Amino acid sequence: MKTLTVSVVTPDGPVLEDTYEMVSCKAENGELGILPGHIPLVAPLAISAVRLKRDSSEDKLAINGGFLEVRPDKVTILAQSAEKPSEIDVARAEAAKQRAEGRLQSNEDHIDRIRAELALRRAVNRLDIAQR
């Protein structure tokens, strides 16, 4: 079966470079499924999971926004951060979730609600990936 070369890069360096049969991810405008031969595309990514399929297995990454570039034989993800399930510190993600929920439930004026909502989404995404 045909494959795509997938590269995931963050400001800290490369996270993954491998071949897969399909890439599924969530762009800001909706879900994308990418197969070999896909038309060229650039899309902003949402805080979400990236699913990478090969044979009967599936790898997942927790992506914290960024951009996706698709070419017929290669997918490049430039992410603000990207973590494999084995790299996620579950206790730290759970603590971040609790902090964000506390800030959102607070009625204090100085709380940046948008920042707290983003922190909550990142923490929930990391927990979802780590627990699968």
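In the hairpin formed by strand 5 and strand 6, with 2 residues between the strands, Asp-55 has a positive phi near 55°. Strands here are DSSP runs of E with at least two residues, helices are runs of H or I with at least four residues, and both are numbered from the N terminus.

The model is predicted, so local features need pLDDT of at least 70 and side-chain atom pairs count only at pLDDT 80 or more, while totals for chains, interfaces and linings use all residues. Residues are numbered from 1 along each chain as its sequence is written, and side-chain values use heavy atoms, with hydrogens and water left out.

**Strand pairing**

Two strands pair if DSSP finds at least two bridges between them. Strand 5 and strand 6 (residues 57-71) run antiparallel and are joined by 13 bridges; within this pairing Ile-47 stands opposite Asn-64 in strand 6. Strand 5 (residues 41-54) also pairs with strand 3 (residues 22-27), in the antiparallel sense, over 4 bridges. There Ser-24 is opposite Arg-51 in strand 5.

**A charge over a ring**

The charged end of Arg-54 sits over the ring of Tyr-20, at 4.3 Å from the ring centre. The criterion is that NZ of Lys or CZ of Arg is within 6 Å of the ring centre and within 35 degrees of the ring normal.

**The largest pocket**

A pocket is an open set of points on a 1 Å grid over the protein atoms alone, where a 1.4 Å probe fits, with protein on both sides within 12 Å along at least five of seven lines; lining residues have an atom within 4 Å of a point. The lining of the largest pocket is made up of Arg-92, Ala-96, Arg-99, Ala-100, Arg-103, Ala-119, Arg-122, Ala-123 and Arg-126. Helix 1 (90-105) and helix 2 (113-130) are the elements that give two or more residues to this lining. Helix 1 provides the largest share, 5 residues.
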